[in-house]
Amino acid sequence: RTSCRYLRQQWAPSALCSIGRLLDRTSKPAAKCPMHHLARSLVPPAARHLLPRTPKRVVIIGAGPTGLFCADRLRHHFEVTVVDAKEYFEFTPGILRALVDSTHLPRITFDYREVLERQLGVEFVLGKASSVGASLGNAGTGRVCIKPVDSMIGNPPGHINFNYCVVAVGVSNGIWKPRFPGQPPWPPWAARPMSSGGSGPSNSIGGGADTDVEERKLEARRNGLRALRERITTSRGVVVVGAGLVGVELAAEIKHFFPRVKVTLVDGAQNVLPQVADGARDYARTWLQQHGVKLRLGTPFRPESVGEGQVVLWCAGTASRASSLFEDASVLRPNGQIRVNRRMQVLRRVSSTEEVDSGSASGPVEHEPLAQGRILAVGDAAAVEGVPTAQMIFHGEEMAAVAVANIEAAEDIASPLAWGKDRREAEPGLPLLCCTSLGPMDGMFSTQSELVMTGTLAAMQKQLIEETKMGALRGELLSNLLWMPLH
């Protein structure tokens, strides 16, 4: 409701006022008289570095959808640096289509340096963040230590100082996202992409001790997907483990593009898609059965059940990417997610380690914001205290919007999509919106309690979401105007 009121009453006058300030050579610094985000978007990219902004720096670790959301919103008033361990962006919901359709990968990827530095005016650092914390002796700043990802790729600085830091490193799960050395490996029986010039296991079960995959370069990612696609088409069958959103969509994509390949979907749950409405579960299950997908539900996956020549695709479970990022392990939950409050500030335990170990601490464990609240975490890597969220882009971007609003409020900068400069908190009850494709011509759009749309319209909706999201992430004005009021 706030966004709608803003669009009706405030957007146009504020934009005109901001453009007027730009033309006025005596305009004040950004922190005192901030220029509207929309007005800045109208300025050509080559001239945006001339606009006034605060000298304070925000470092964003992780350049997935939530990290880029923060970078796009914060770049108008802050010096923004984005750190990521790979050279390219990949729209993860579209990677399943890219696995079976080689022409789809260019539609969901772009080079970070080309878009961030040349289009959006954001500094990009190719490297792996090894630690993040407050700087000693200076309560207002922190430091991110960065390691090179490869001796042949990039030359990152040893560390970057920041005034604010947003951790958006996401999680690892199967072929859903690129994997890098040092991350937890796939189960030894699961198929995995092969790097360019590398070699994979000779069959679907076993594999070698080396389970790391080089996918920091787009060409290596393309080669890995191509190698896995060839294994699928020449196999005696595919076993998809996990009947959640990823597993169901992957099974449908394989069956549509390669109808002769035998596909088996395995899960310990009694039905597919346990997180969505009953109508969506029934629709997906009917589609899979009608197209010849064999369902083995209610029984856990057993590696010994895989036949000779079959390929196993692992689509269950996730692994945290933040487990070694913080020196203070109290910021992590037992599952590896980062503990944050409703303002997205990372929380640390107040009680000392000695008190906890000795059992002398009484009552509930207290937490406080790490580094005075200047380190925040969003997306799949974070868990909000008291607010359940799902690992999906919509929830991640809502968390990112809260983080952006609080960073702006701390510097007395008004967000264009909210009233005033008040701090913002995450609210419980975020809707679970799932748009799942069942091949290019079928799909379904559902919430946790209702099946909203099915068939060709749902498939077209998902394609439209993908295209406009990619446009917004590239900084295209029309796509940004479409998505900006949502958060």
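Biologist: In which helix is L477 found?

Modeller: L477 is found in helix 13, in what is a predicted model. That helix covers residues 477-483.

Biologist: Is L477 buried, partly exposed or exposed?

Modeller: The reading goes by relative accessible area, where under 20% is buried and over 50% is exposed. L477 has 32% relative accessibility, so L477 counts as partly exposed.

Biologist: Which residues make a nonpolar surface patch with L477?

Modeller: L478 and L481 make the patch together with L477, and its area is about 270 Å².

Biologist: What is S479 in contact with, apart from its neighbours within four places in sequence?

Modeller: T468, G471 and A472 are in contact with S479 on that count.

Biologist: Which residue lies over the face of W483?

Modeller: K469 does, at 4.3 Å from the ring centre. Another such case is R374, which lies over the face of Y164 at 4.9 Å from the ring centre.

Biologist: Now the rings themselves. How many aromatic pairs does the structure hold?

Modeller: A pair of aromatic rings is described by the distance of the centres and the angle of the planes. The structure holds 5 aromatic pairs. In one of them, the ring centres of F89 and F110 are 5.0 Å apart and the planes stand at 20°, so this pair is stacked.

Biologist: Where in the chain do F89 and F110 lie?

Modeller: F89 is in strand 3 (residues 88-90) and F110 is in strand 4 (residues 109-111). They are 21 residues apart, and the pair links distant parts of the chain. Both F89 and F110 are buried.

Biologist: What are the distance and angle for Y112 and F124?

Modeller: Y112 and F124 are 5.1 Å apart, centre to centre, with 35° between the planes, and their aromatic pair is tilted. This pair too links distant parts of the chain: Y112 is in helix 6 (residues 112-117), F124 is in strand 5 (residues 123-126), and 12 residues separate them.

Biologist: Are Y112 and F124 buried or exposed?

Modeller: Y112 is buried, with a relative accessible area of 0%. F124 has 4% relative accessibility and counts as buried. F89, F110, Y112 and F124 form one aromatic cluster.

Biologist: Next, a loop residue. Where does L273 lie?

Modeller: L273 lies in the loop between strand 12 (263-267) and helix 9 (278-290). Its relative accessibility is 0%, so L273 counts as buried.

Biologist: Which residues does L273 touch, not counting those up to four places away in sequence?

Modeller: L273 touches A243, G244, L245, V248, A280, R281, A284 and M444. Take V248 from that list: L273 and V248 are 25 residues apart in sequence, while their C-alpha to C-alpha distance is 7.6 Å.

Biologist: And for the protein chain, how many helices and strands are there?

Modeller: There are 13 helices and 23 strands. Of the 487 residues in the protein chain, 53% are buried.

Biologist: What share of contacts between residues at least 6 apart in sequence join residues at least 24 apart?

Modeller: In the protein chain that share is 65%.

Biologist: What is the accessible surface of the protein chain?

Modeller: The accessible surface comes to about 21,800 Å², and 52% of that belongs to carbon and sulfur atoms.

Note on methods
Residues are numbered from 1 along each chain as its sequence is written. This is a predicted model: local features need pLDDT of at least 70, side-chain atom pairs count only at pLDDT 80 or more; totals for chains, interfaces and linings use all residues. Side-chain values use heavy atoms; hydrogens and water are left out. Helices (H or I, at least four residues) and strands (E, at least two) are DSSP runs, numbered from the N terminus. Contact means heavy atoms within 4.5 Å. Rings of Phe, Tyr and Trp (its six-membered ring) pair if their centres lie within 6.5 Å; planes under 30 degrees apart count as stacked, over 60 as edge-to-face and the rest as tilted. Buried means under 20% relative accessible area, exposed over 50%, partly exposed in between (1.4 Å probe, protein chains only). A charge sits over a ring if NZ of Lys or CZ of Arg is within 6 Å of the ring centre and within 35 degrees of the ring normal. Patches are made of residues with over 30% relative accessible area and no salt bridge: like charges are joined within 9 Å, nonpolar side chains (Val, Leu, Ile, Met, Phe, Trp, Tyr) within 5 Å. Accessible areas come from the Shrake-Rupley method with a 1.4 Å probe; for residues, only the protein chains shown count as cover. A salt bridge is a side-chain nitrogen of Lys or Arg within 4 Å of a carboxyl oxygen of Asp or Glu.
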